[in-house]
Every structure is written in C-alpha cells, then in structure tokens.
Number of protein chains: 2
Amino acid sequence: MVVFNQKASNGSTKSSSPSTNISKTINLDQGDPTVFEPYWRKMGDKCTMVISASDSMSYFSDAGNLCWFLEPKLGDSIRNLHHEIGNAKSNGRHIVVGTGSTQLYQAALYALSSSPDRTHPISVVSAAPYYSQYPEETDYLRSGLYKWAGDAYKFDKEEDGNTNYIEVVNSPSNPDGSIREAVVKRTGGKLIHDLAYYWPQYTPITRPADHDIMLFTFSKCTGHAGSRIGWALVKDTEVAKKMIKFIELNSIGVSKESQLRAAMILGKLSDNSYQNLNSNKPDNFFEFSQCLLAERWKKLREVVKRNQLFILPDYPLEYCNFTRKFTQSHPAFAWLQCKEEDVDCEKLIKAHKMMVRGGVRFGAEKKYVRVSMLSSEVVFNLFLQRLSAIKGNFN
Amino acid sequence: MVVFNQKASNGSTKSSSPSTNISKTINLDQGDPTVFEPYWRKMGDKCTMVISASDSMSYFSDAGNLCWFLEPKLGDSIRNLHHEIGNAKSNGRHIVVGTGSTQLYQAALYALSSSPDRTHPISVVSAAPYYSQYPEETDYLRSGLYKWAGDAYKFDKEEDGNTNYIEVVNSPSNPDGSIREAVVKRTGGKLIHDLAYYWPQYTPITRPADHDIMLFTFSKCTGHAGSRIGWALVKDTEVAKKMIKFIELNSIGVSKESQLRAAMILGKLSDNSYQNLNSNKPDNFFEFSQCLLAERWKKLREVVKRNQLFILPDYPLEYCNFTRKFTQSHPAFAWLQCKEEDVDCEKLIKAHKMMVRGGVRFGAEKKYVRVSMLSSEVVFNLFLQRLSAIKGNFN
C-alpha cells in the first residue's frame, strides 16, 4: 500500500498553501506536523541557514568519530537539548544520525539480528495498538534476519518460550498516546525504544529515559518533517557500529544540509529567551507548542462530548520536570473510538470527507481511527466542523 | 566490513583540511570527489543557498506528483541538465529522487523483484569487474526478493537458461572506466543501468542513454557527495511506483534541503557563462573538470610508464557531443594492474602508505587495485610521489 501518495492526491497537505476548499477531502491520515510552521515563520531570519556551493561536499563529517557521517554540531545540539529538556540520558551514548527515525528503526533491527550464524529470522513485536508502519517496514524486503510477529501481548502469552525476539516499545504510543513499557516478560529479548513523541508539547516529561537504543526524530520534535533527520542514542558500541554499517550500506550516510539545519534549529531550542516573537504566546518553542496542542485537545473534547458518538482516551495529570507544572498529555494523534461496537469508524469519517487511518492498521478493531492533531489551523478547524456534523448523519 | 569508517580513521579524507603529513597513510579507497571543491569555492556566493526556519517543513514536496517527495525545482533542473549535456533521455520518464543512487539501486531491486507470488529470490548479476558494493548492498538484509549471483559473464554461460534475473549495467564502469552493455543474452531479464559516471568530465558523451531504469548521482556529477542526492529516470509507471514505495518505507522521502541545494547547483551547470572565475581554466564546470582529470591522468600515465611495474587501461578516442571534440575517457578511478602475475597489488601499495581497494572486492584478481582519481590536489600529488617510489622497493 502506498501510504503517502494515495492520500496526498487531494493536494490538501501542502503546508504553506493548504487547499481549504470546503468540498475537498482533508488529510488527517499522516502526522505531517505543519501545526508548528507559524512558530518558525515568526522566528524570521533567526534560524536561517546559509550554505555556500563548496560547503560539506565530502562523504565525511567527522572521520575520527565512530559515526563518521554525523556532523559534530548536530551531535552537540542533540546532547544539549536532551540535557535541557531532561527527556533522555545522552551522556556515554553513541549518537547515530539517520534519514529520519524510519531508517534508524531498520538500522536497529539489522544491528540486533545480523550475525553469521543466524538461521531463522528473529521475531519483531510491539504492543497493540502499535504504529501502523512497523509491520510493513519490517517485512517489505522479506529479510532472513527479522520478521514481524505482531502484537507483543499475544506473543507474551505464547507458550513456546522463545527468547529470541525484538520488542519495539513506542512511548508515548503512536496511535494512542499512552506511556508504554516492555510487555514481553522473558529474559533474552532485545528492546528498541521509539521515543519520537517524548517531548514536552505532547506529554509530561517525568524522567530522563535510559534505555539501550532510543530513537528520536526532528520531525516530531520541531515539526521539520521534510528534513528527514532522526537520531539514535545507543549504549552498546557493537550495536552502534552495526547501525552505522546499515546506514553506510543503505544510503552512505545522511544529508549534510539537513544535519546542519537541524543542528542550528535544535541549538536554538535550548535558548529560552526569544524577545521578538510579537505574540502573547510563550516564546519557548515547547511551551508555545504545548499551549497550542492543549487548545486543540480542549476543542476536540468539546466536540466529542457534544455529539456523543465517540470516546477519546483520558490521560493522567503528571508533573512535567521541564515545564514545572502538572499537565496532561496532548498527543500528536487522537485515537478516536466509535461508541457503537460494529461501526467501521474509518468508513464513517471518510464519508464526511476526512482521510484518517483505521484501527485495523494498528492491530486494533475497526471501531478505532487515528486522527492527526498536527495539521494546519485551517485543516484542523475543518476537522472540528466536519466531526461536529457527523451526529445528524449517523443517527 | 565497515567500508568507510576503517579507512577514514587516518583523517586524511577531510576535504577542506586534508592531513598531508608525509608519514600518514593517504586514503584513495573511496571515490570522495573532493577534486571539484576548488571550482565551487571560486563560485563564491553565486550558488549559496539560503533557507529559513519555516521553509520545507512538510513531508510533501509535490502532492500531485507520483513522486510526491520530489522538489519540483529539482525535477526541472535534472531534465534541463540532461537535455543540455545530451547524456540521457529524460522526456517521458518519471524522475524518482533518492538518498544517493545507493538507495535508488535498492529501490530498483525491490521494484523489479517484489510480487506477491515470488517464491525464490531473483538473481542479481553484473559483469566483472563490478562495483565492489553491489554484492553487499544486495545481500546485507538476506532478502527473500533478490540475491547477489555474481559475475554476469559466468551467469550467461550457465546452462540452466534461467530467465529470472536482474543485470546491473554500470557504464562507464566503476572500477575500470570501460563502456558497458548488458552481457547476459537471455530474454526475460531485467536491467538496471547505473550511469553515475556518464558525464563529460569522465567520458565522451556519444549518445543520449535510453534505458528502462537509469541511475545518476549528484556526488559524481558535481562532487557534492555529502548531500546524498541521486535520481532515477524510469520509463515504466508501475516500476516507478514501486521505487517510490520503497523510498517511503525506507526513509519517508528524501531531504528537502539537499534537494533544493542540488536544484540550484544543477541549474547553474546549464549556464555556460560564468565570468568571474578569475582563472585561465574553462568556466563551464564540465570543461573545467575534464581538463583537471585529463591533467591527472597524464601525470599518472607518466609515472606508470617510468616505473614499469603497472598497466593502466587504454581508452578509445571518441567524439563527445557535449564538448564537440575527440577525447578519451578520464575515469574517476584508475584500475591499476601489477605486471607480475602473483603480486597482491593492494598489499604492495598499502605498504607504501596508500589505502586502495583490492581487485578481489570487484570480482577480479588480486593483481588489480582501484585508486581514486578524485582526491584533493595535495593527496593526489602524494599519490604520484609514493607510486613513483615503489619501483626501487619492489625490484
């Protein structure tokens, strides 16, 4: 299935000029994070990158580093940012940069499964509802090293006692925003922690994450999805080496232009003192974004409460070490559930000209759908209008 | 084997400040194209890219295009450049952008092999000496879709008559610079043409290439290896769709920053009228680069002639439609052969503090090595010095 293309043909995804024709289908399927664009527009030339024709021509960024294609400035920005936000321990870890965390997910699978004596592919599991792309990203090349084995809860209950597995822990979870821990209770398994959404705008930062392999992405941190920059924090040197080898074989490194831009923008995030935003919103990116998503969630919960057709998850109030306030999660996606049991929720919502992703893709029931909360303001408002209008049609 | 990292640890690969310590090993293993850097430095701010913090944040570049992640300006620059140079037919083809041609090679393998009813991996072959990375790029994930099957000449002689194969035609060839055509004489095979070096600085442009899948890369065209931009010209829509799907699953598109920079730089290549280069060399990039490589090859042939230990390939004089002159090839690599039969040429050269790639890696004999001709000026001069010095030691 062409995940992106088929949804994009309505043209409503272009962030700078969204098609807001009332008759057109709006795209809430992908998590294209255009919600953050106005913040960066207000930054004006404070984060403008200038690169001359002779800059960064070589394959190499730092020949002396294990990750020879990592721009040193990006490594510095990443460590400073994790220290500032307090969401992950980065000291003593290798940083491996990737073409988005998508490439790094595959690099991690390779690193944890490739050995000359492997005779069968290792099972890859994740607790349902799991990120809809894990199955296809794992299986599209029919690798002899690893294969998708579905829901981690089901795998845990299997009686074969197979200790040869990789569990992907996605926390906060895409699609449902819940905080996750590993669910398979066997010794010997290997873990990949996909922490794409562990940033203050989405969820309270309760502790610095401290796992063997942690994946992050520029897309979900600041909204720069087009740059295709992700990074892994990796404890074990041999695992880091194999991930680096994967990226060598897969794409001989990662765009220098994107790395340098990410280095500059992530560097600015640690700076809390923007004076010229000319807004009554907070100046710090994370506080600004948290307010913005909190407002959106409030509006969505009002619509859901009014039309009585859907259920949204509730999130506990927790103390965020970054904002120093008690807050709830305001996830990047709404995991919307139809109250009636037999309804195909995707079909229902699609009939009202909204592209969303059905629950079955996430290993869940068809009464669920995932809806992006990161669209542009215009598209988000159309979403609220159209969701409000469903009641009459459905009853 | 970590192809890049192990070679880089001597630090001699950093293009802007090569380590030229006379006692250090120099790196002529990869084809890091730093030879072209001085040209781009002289361009000054004529090709400087400026990108603000809110530019190109979306996943999408052109939602209405089959290749939804291709920046339209890059597509335009690519078509204009092929038209200007006359090295490939681009009209009526889909352009698929990739994270270097490395990612596109894998996308092409996927596109030509993925079908629900495939029960055995398809054989992938290329005529020896073949590009040393094809075997590992094909086999590292132990795909059930495709597998490396070695030298196309040997495959052609096998008597099973298997018509289920992919032949990679690399022309001009890396490592030996020869012009290639498909060698397997069976109907039903599928072809990938890797034309990374089919540019006027390396070889006479004798005709516009016209094949089903043609791969090019920014790295070898202009020397911008760090940008990781490649492109495929693809005739068949279904094949293009599958390549696009591969890139979605592999990395959800390609860096926008790199694409925009490549669009600008490739756009300038079609402009022959630079006035301010302040040099007695030609102003056009391809003419400038052709002169530069011709000079290097002349110097190398003089050294080889003097020390009587090695053989270099000869290339025919041909009319180049772009420069409108009769020229020889001046490949990006020298395919150096020891005259004595039993010599391990890589070992010999390594003993003289030069990292090169041994013939066995290319499916050839150990008396061959591949040497980069694209190093910086300082490193290239050290190479000539050290190669000259071998004679005494060896006899």
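**Before starting**

I'm working with a predicted model here.

**Entry 1: two helices in chain A**

I looked up how helix H4 (residues 100-113) of chain A sits against helix H8 (residues 237-251) of chain A. They pack at an angle of about 125 degrees, and their axes are 8 Å apart. Why do I call H4(A) and H8(A) oblique to each other? Angles over 145 degrees would count as roughly antiparallel and 65 to 115 as roughly perpendicular, and the angle here is about 125 degrees, so H4(A) and H8(A) are oblique. I also noted the hand of the crossing of H4(A) and H8(A), which is right-handed.

Next I listed who makes the contact. On the H4(A) side I found Gln103(A), Leu104(A), Gln106(A), Ala107(A), Ala108(A), Tyr110(A), Ala111(A) and Leu112(A). From H8(A) come Val239(A), Lys242(A), Met243(A), Lys245(A), Phe246(A), Ile247(A), Leu249(A), Asn250(A) and Ser251(A). I sorted the residues of this contact by type and got 11 nonpolar, four polar and two charged.

**Entry 2: strand S16 in chain A**

Is strand S16 (residues 368-372) of chain A buried or exposed? Five of its five residues are buried, so S16(A) is largely enclosed by the rest of the structure. For this I took buried to mean under 20% relative accessible area.

I then checked which way the residues of S16(A) point. Tyr368(A), Arg370(A) and Ser372(A) go one way, while Val369(A) and Val371(A) go the other way. Both sets are buried.

Which strands does S16(A) pair with? One is strand S13 (residues 333-338) of chain A, which is antiparallel to S16(A) over five bridges. Gly358(A) stands opposite Val369(A) of S16(A).

**Entry 3: a sheet in chain B**

I moved on to chain B and traced an open sheet of seven strands, in the order S3-S9-S8-S7-S6-S4-S5, with mixed pairing. Which strands are at the edges? They are strand S3 (94-99) and strand S5 (146-151) of chain B, and each pairs on one side only. I noted that neighbouring strands of this sheet are turned by 25 degrees against each other on average, direction ignored.

A reminder to myself: strands of a sheet pair through backbone hydrogen bonds, either parallel or antiparallel.

For a parallel pair, I picked strand S4 (residues 122-126) and strand S6 (residues 165-170) of chain B, joined by three bridges. There, Val124(B) has Ile166(B) in S6(B) as its bridge partner.

How values were computed. Residues are numbered from 1 along each chain as its sequence is written. Chains are lettered from A and ligands numbered from 1 in the order in which they are written. This is a predicted model: local features need pLDDT of at least 70, side-chain atom pairs count only at pLDDT 80 or more; totals for chains, interfaces and linings use all residues. Side-chain values use heavy atoms; hydrogens and water are left out. Axes are lines fitted to C-alpha atoms, for helices over the stretch in contact, and angles run from 0 to 180 degrees between N-to-C directions. Helices (H or I, at least four residues) and strands (E, at least two) are DSSP runs, numbered from the N terminus. Angles under 35 degrees count as roughly parallel, over 145 as roughly antiparallel, 65 to 115 as roughly perpendicular and the rest as oblique. A crossing is left-handed if the near helix is turned anticlockwise from the far one by less than a right angle, and right-handed if clockwise. Contact means heavy atoms within 4.5 Å. Ala, Val, Leu, Ile, Met, Phe, Trp, Tyr, Cys and Pro count as nonpolar, Asp, Glu, Lys and Arg as charged, and the others, Gly among them, as polar. Buried means under 20% relative accessible area, exposed over 50%, partly exposed in between (1.4 Å probe, protein chains only). Two strands pair if DSSP finds at least two bridges between them.
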